[in-house]
Structures are given as structure tokens and as C-alpha cells.
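Dear colleague,

Please find below the structure that I am handing over to you. My findings follow it, and I would be grateful for your reading of them.

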Amino acid sequence: MVTLLTERGERTVAEAQGEGDRLWLAASEMEAATGWEVQPEGLCHGAACVPWPAGREAELVRDGRVEVGAFWRHLGKPVAHSAAGDVWVLGEGAAERAEALRSLQAPDFNLPDPSGTMHSLSELRGKKVLLVSWASW
Amino acid sequence: MWQALYEELRDQNFTVVAVAMDSRPADPLPWIEAARPTYLTLIDRDHRLADLYNMVNVPEAVWIDEDGRIVRPPEPAGSYEGFRRMNRQTKEMPEEAVRLTAQAKATYVAAIRDWVRNGPRSEHALDARRAFAHVKAPDDDAARAHVAFRLGQYLIRAGRSDEGRRWLAEASRLHPESWCIWRQQAGVNEAGLASLPEFWERVDALGDKRYYPAIDMHGMP
């Protein structure tokens, strides 16, 4: 069993296999966790497709499963996993973060208030917002 | 700190969202109970905000207009680093440092009022070209640091503290300019603040560099 932490949140996958820096996931699980789906031409996220790297298709996709670690590194996005291979973080790359900020559309998020109720920034559309960070430390 | 301003301006289509970047959700609660804010306060245990907005310290703020567009990218929220001139034995601040700290805050709050009143006509609401130029983009190591930080936080919550702490240290190594990451993983004193000797050593190592980067706003020290 592997826990995946992605932009979409946390997801536990029973049928996953972590071996060192490799993580084999069913294509359907990969799509549910990350939004990337297997297509004949490669992996696609919405309209954007990334072709299989030349000559490496067999390393990355086999029997309906995808080796997500290598694919994520191929995309140039950061990945980290626990020593036991049971917890994987698939993060967003610096280029995508920079592009989002430079679009000047405020990146949305979903976080709990102290009582546990979730709120997103986009709920406040229509108001001017001072978004400010703080911490107890 | 934002309650009075929020109360003053809330009827003018303005609101405040304060996000506490605290890995232990119980830590910010005493502060929230004491301040009793009526604006939205959120708890961000994985420092999601720092990842999305490339924030490296607290408090930093972003001004967002009615259409969800950034009109001032992340910058220190009127903070001035007067504390660096504090006498560390007596905790006294030189008069000049107190004055400049107050000036920075007053200038920043006045600028928010001006923005709320005048919208895009305010000199402090940056047009798209200037706002774009003010965006500080993260580099690859910062992106890797946020992944390491998230993994560390997850492992610590799962009771795997040793491995989790190693990931937090790795995050700080990858992204040394982040005070958020460093202070979150550093030890805290009896007051719950990460102001141990290691903190002051790190501040002193900045030399002429600023702890709170300069705010590009007329009248700021």
C-alpha cells in the first residue's frame, strides 16, 4: 500500500508497488491521483500531452501500469519518497509555480479554519483580499 | 494585528485572510483565542501557501483584487527588521529602530486604506506590468524543498519522527533563504518562539542582507 501526496491531496493506493526510486501504479490510479492519463501518444493532462521519451517507453509503461517516479522526473517536477517506499510526494515544478504567479491570477487553495471547516480563496471573489501569512513560531 | 483594519474597512468590500503556517495545528490556537479575529483564519500545516506563493517568511502579504488578480505580489506585510538592533541582554530596542518599525507599519496600513478606497487608481495597486516585475519566482531547489517538507510533515504526523525530521532538514538545506522552513523545524524556546541562539546566529549571518526584504512603497524605511 502506498500513500500519494499530490496537488490533488492525499490518496492511498492498495495496488501500488514502490521499489527504490520506482513506483508502479495502475494508469487509472495515476489519473485519479494526478490528473495525468495514458494515451497512445504519451501521457496527457487535459489538452497537454507529453510524448514518451524516445526508446524509454518500456521503462515507463507496462501492462496498464505506469512508473510514476521516472515519469515525474521526466516532466522535470520534484518527487520524494520515504525510505520504505510507502509514502510518495509528487510535487509541482518551479516553472509551473512561476508561470502561475506571473499570470497574476492568485493561486487558489483549500485550507481548514480552526474548527476544521474548509475554505478556499476563490470563495472570496468579488472582494478585495489581504492574504497574509503568520505563524506561532 | 489586522483586526482593527478589518473592522474599519470591512464595509468597503474588503476582507482579510490570515494563514497560520504551523505544522502543529494546536500551536496557533492560543494566539487566535487571544486576538479573536472576525476575519477568516486558516491553518496551513504543510506550508501550502509558501509553496504556491513562493513565500519565505512571515508575515508576508498579497493584495488580491475583486477578480482574483494579484495587484501586489508577496512581500513583507509592512514588517521592518528593527528587532535586529535590539539589545539582546535587556531586550531593549533603540528609539530609532522603534520609530522605523512603526513607520513601516503605518505606511503599509495607509497604503491598504488607499487601495480599498481607490482600487486600481491607487498608486499602491500595481498595474499588470509592474506586478509581473515584482513577482519573485521559485527556483528548482525551492520546489524540491517544498516536496521534502511535505514528506517530512507527513512522516512526523505518522509517528516516524526521525525520518521526518531528516526530510525537514533536507528541505531547509535545499531552500536556505526560507525562514518558514528553518524556523518550523528549529527548536523553540519556553515561549514557543524559534528565537534560540541558532536563530540569532542565522540572522547575524545575513550581514547586509535584509531579514525582511525592502518593500517597494513610497515612505518605507
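The domain bounds quoted here come from an automatic or database domain assignment, and the model itself is predicted.

For chain B, that assignment gives domain 1 (3–134) and domain 2 (140–204). Their C-alpha centres are 22 Å apart. Where they meet, 15 residues of domain 1 of chain B are in contact with 13 residues of domain 2 of chain B. The side of domain 1 of chain B that touches domain 2 consists of five nonpolar, four polar and six charged residues.

In chain A, an open sheet is built from four strands in the order β3-β4-β9-β8, with antiparallel pairing. Because β3 (16–19) and β8 (61–62) of chain A each have a single partner strand, one side of each is left without a neighbour in the sheet. β3(A) is joined to β4(A) (residues 22–26) by four bridges, and Gln17(A) stands opposite Trp24(A) in β4(A). Across β3, β4 and β9 (65–67) of chain A lies helix α1 (residues 27–34), which runs at about 100° to β4(A).

The contact between the chains involves 42 residues from chain A and 69 residues from chain B. On the side of chain A that touches chain B, β14(A) contributes the most, with seven residues. By class, that side of chain A holds 26 nonpolar, nine polar and seven charged residues. β14(A) also runs parallel to strand β1 (residues 14–20) of chain B, and seven bridges join the two. Within this pairing, Val132(A) has Ala18(B) as its bridge partner.

With kind regards

Notes: Residues numbered from 1 in each chain as written. Chains lettered and ligands numbered in written order. Predicted model: local features only at pLDDT ≥ 70, side-chain atom pairs only at ≥ 80, totals over all residues. Pairing = 2+ DSSP bridges. Contact = placed C-beta atoms within 7 Å. Axes fitted to C-alpha atoms, helices over the stretch in contact; angles between N-to-C directions. Nonpolar A, V, L, I, M, F, W, Y, C, P; charged D, E, K, R; others polar.
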